[in-house]
Amino acid sequence: MTFQAIVTLFILLAALLVLATSRLRPVFAALCVTLALVLTGVLTPAEAFSDFGQPVIIIVPCIYIMGAAISETGVATVLSDRLLGISDKGPALLILVIMGAAGLLSSVLSSLLVVAALMPAVLRIARKARLAPAQMLLPLVAGATMGNLLTAIGTVSTLVVGDLLVASGYEPLGFFAITPFGLVSLI
């Protein structure tokens with residue numbers, strides 16, 4: 001094993017330990033890892049910061065800002081009120097609607113944000129419909145996860161792949177390039 005590989009593994013283990021113990025904020029820990037890789041010579045400064053010019057670096061924070069806006073503006077509460085009207089038609093339909101709503105939202109937002117934004121609403125629905133919380137939360141998570149596959153901005157990994165295609169000289173992924181696969185998964 002080369003020196004660079006050993007140093008990288010050591011830095012990775014240290015980062016995992018710091019993140020697991022919550023000693024530092026994740027963003028600060030990531031910056032420390034980058035700095036450590038540069039200072040140890042594993043990466044050059046140009047390599048360490050080369051991706052900051054990529055569009056994905058701007059898109060990802062925008063997705064988180066949109067998720068916060070959905071939560072802060074009360075859209076999640078309005079959505080839960082609408083879904084409560086469906087609860088009297090049976091839990092099966094309610095589960096399908098929750099999965100569909102989570103899937104559609106996570107097609108343009110991070111599934112983590114969708115679950116975080118909708119979780120209070122879904123718990124409220126479960127309480128009022130007298131259903132077990134897990135009976136509503138698990139479909140929420142499944143719908144949000146499958147909804148990520150509906151558009152090219154649903155997940156960070158798809159954005160990165162799109163950027164790599166462009167950097168390699170190929171056509172970029174269209175916004176709905178993976179939608180047929182995502183629809184099959186969501187259904």
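## Crossing of α1 and α2

A crossing of two helices is right-handed if the near helix is turned clockwise from the far one by less than a right angle, and left-handed if the turn is anticlockwise. In this predicted model, α1 passes α2 in a right-handed crossing.

Two packed helices are described by the angle between their axes and the distance between the axes. Helix α1 covers residues 3-21 and helix α2 covers residues 26-39; their axes are 10 Å apart and meet at an angle of about 165°. Angles over 145 degrees count as roughly antiparallel, and α1 and α2 are therefore roughly antiparallel to each other.

## Residues between the two helices

On the α1 side, the residues that meet α2 are Thr8, Ile11, Ala15, Val18 and Leu19. Their partners in α2 are Pro26, Ala29, Val33, Ala36 and Leu37. Sorted by class, this contact has nine nonpolar residues, one polar residue and no charged residues.

## The loop at Leu24

Leu24 is placed in the loop between α1 and α2. Is Leu24 buried, exposed or partly exposed? With a relative accessible area of 32%, Leu24 is partly exposed.

Not counting residues up to four places away in sequence, Leu24 touches Val18 and Ala29. Val18 and Ala29 are also among the residues through which α1 and α2 meet. Leu24 and Ala167 are 143 residues apart along the chain, and their C-alpha atoms are separated by 34 Å.

## Thr179 in α10

Helix α10 is made of residues 179-186, and Thr179 lies in it. The relative accessibility of Thr179 is 15%, so this residue counts as buried. Apart from its neighbours within four places in sequence, Thr179 is in contact with Leu149 and Leu150.

## The chain as a whole

The chain has 10 helices and zero strands. Read from the N terminus, the order of elements is α-α-α-α-α-α-α-α-α-α. The radius of gyration is 20 Å, well over the 16 Å that the globule rule gives for 187 residues, so the chain is more spread out than a compact globule. The C-alpha trace spans about 65 × 40 × 35 Å along its principal axes.

Of the 187 residues in the chain, 32% are buried; Thr179 counts as one of the buried residues. How many of the contacts between residues at least 6 apart in sequence join residues at least 24 apart? The share is 69%.

Terms used. Residues are numbered from 1 along each chain as its sequence is written. This is a predicted model: local features need pLDDT of at least 70, side-chain atom pairs count only at pLDDT 80 or more; totals for chains, interfaces and linings use all residues. Side-chain values use heavy atoms; hydrogens and water are left out. Axes are lines fitted to C-alpha atoms, for helices over the stretch in contact, and angles run from 0 to 180 degrees between N-to-C directions. Helices (H or I, at least four residues) and strands (E, at least two) are DSSP runs, numbered from the N terminus. Angles under 35 degrees count as roughly parallel, over 145 as roughly antiparallel, 65 to 115 as roughly perpendicular and the rest as oblique. Contact means heavy atoms within 4.5 Å. Ala, Val, Leu, Ile, Met, Phe, Trp, Tyr, Cys and Pro count as nonpolar, Asp, Glu, Lys and Arg as charged, and the others, Gly among them, as polar. The radius of gyration is taken over C-alpha atoms; the globule rule is 2.2 Å times the number of residues to the power 0.38. Buried means under 20% relative accessible area, exposed over 50%, partly exposed in between (1.4 Å probe, protein chains only).
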